[in-house]
Amino acid sequence: DQLLDLNSRYGGPLSGPGEARQLQELIGGQPFLTRRALDVLARGSMDFATLLSFGDRDDGPFGDHLKRVLISVTELHAVQQVLKSALADGALAAQDEGYQRLLAAGVLRQSPDNRAAFSCELYRRYLSRHL
């Protein structure tokens with residue numbers, strides 16, 4: 001509902017609930033990514049299909065943000081190892097320092113079954129290609 005309201009404030013660049021749901025699945029409701037996506041679509045810089053296809057690329061609309069995330073998660077070896085484990089199978093120890101750092105950074109979230117889950121599909125796709 002909030003995304004649809006924000007969409008209307010941007011002049012309706014999303015064509016309806018279906019596109020809003022797809023965008024939500026891609027960016028997980030992350031406020032900066034939501035604002036960036038709607039801005040790109042409202043300005044006509046990119047259509048929705050292109051945003052979905054190229055969103056996780058270095059030269060895509062979220063490229064600068066994703067590069068900063070990549071740099072921050074690869075600075076510490078422990079964090080990078082946790083991230084590689086999350087990409088492989090998602091089974092992580094909640095007490096692990098790297099896991100806690102990724103939770104605090106908003107890259108991962110803890111699923112109800114105590115497994116690691118990426119906070120959004122965009123992060124999973126981008127990081128899996130770069131790690």
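Trainee: What volume does the largest pocket have?
Mentor: In this predicted model, the largest pocket has a volume of about 160 Å³.

Trainee: Okay, and which residues line the largest pocket?
Mentor: The lining is made up of H65, V69, S72, V73, E75, L76, V79, R101, L102, A105, V107 and Y123. Two elements, helix 5 and helix 7, each give two or more residues to that lining.

Trainee: Which helix gives the most to the lining?
Mentor: Helix 5 does, and its contribution to the lining of the largest pocket is four residues.

Trainee: Let's stay with helix 5, then. How many residues has helix 5, and how far does it reach?
Mentor: Helix 5 has 12 residues, and the distance from its first C-alpha to its last is 16 Å, close to the 16 Å expected at 1.5 Å a residue.

Trainee: Which of the residues in helix 5 are buried?
Mentor: The buried ones are G63, H65, L66, V69, L70 and V73. If you look down the axis of helix 5, these buried residues fall within an arc of 160°, so they line one face of the helix. On the other side of helix 5 you will find D64, R68 and I71, which are exposed.

Trainee: Why would residues three or four places apart point the same way?
Mentor: An α-helix has 3.6 residues a turn, so residues with that spacing of three or four places point the same way.

Trainee: And what do the buried residues of helix 5 pack against?
Mentor: They pack against helix 3, helix 6, helix 7 and helix 8.

Trainee: Helix 6 next, please. Which residues are buried there?
Mentor: In helix 6, the buried residues are V79, Q80, V82, L83 and A86. Viewed down the axis of helix 6, they fall within an arc of 160°, so they too line one face of the helix. The face turned away from that buried side carries H77 and A88, which are exposed.

Trainee: What do the buried residues of helix 6 pack against?
Mentor: Their packing partners are helix 5, helix 7, strand 1 (108–110), strand 2 and helix 8.

Trainee: Changing topic: how many residues are in the largest nonpolar core?
Mentor: The largest nonpolar core has 35 residues, and those with the most contacts inside it are F62, V107, Y123 and L127. Several elements give two or more residues to this core, among them helix 2 (17–27), helix 4 (48–54), helix 7 (97–105) and strand 2 (116–118). The largest share comes from helix 3, with five residues.

Trainee: What is L127 in contact with, leaving aside its neighbours within four places in sequence?
Mentor: With those neighbours left aside, L127 is in contact with V69, L70, V73, L83, L87, V107 and F118.

Trainee: You mentioned helix 3. Which of its residues are buried?
Mentor: The buried residues of helix 3 are L33, T34, A37, L38, V40 and L41. Seen down the axis of helix 3, they fall within an arc of 160°, so they line one face of the helix. These buried residues pack against helix 1, helix 2, helix 4, helix 5 and helix 8.

Trainee: Why does T34 count as buried?
Mentor: T34 counts as buried because its relative accessibility is 8%, and the cut-off for buried is under 20%. Leaving aside its neighbours within four places in sequence, T34 is in contact with L3, L6, I27 and G29.

Definitions and conventions: Residues numbered from 1 in each chain as written. Predicted model: local features only at pLDDT ≥ 70, side-chain atom pairs only at ≥ 80, totals over all residues. Heavy atoms only, no water. Core = buried A, V, L, I, M, F, W, Y, C linked by side-chain atoms within 4.5 Å. Buried < 20%, exposed > 50% of the residue type's maximum accessible area, 1.4 Å probe, protein only. Contact = heavy atoms within 4.5 Å. Arc of directions from axis to C-beta. 1 Å grid on protein atoms, 1.4 Å probe; cavity = no way out; pocket = protein on both sides within 12 Å on 5 of 7 lines; lining within 4 Å. Points joined across faces, edges and corners; volume = space filled by probe spheres on them. Expected span 1.5 Å × (residues − 1).
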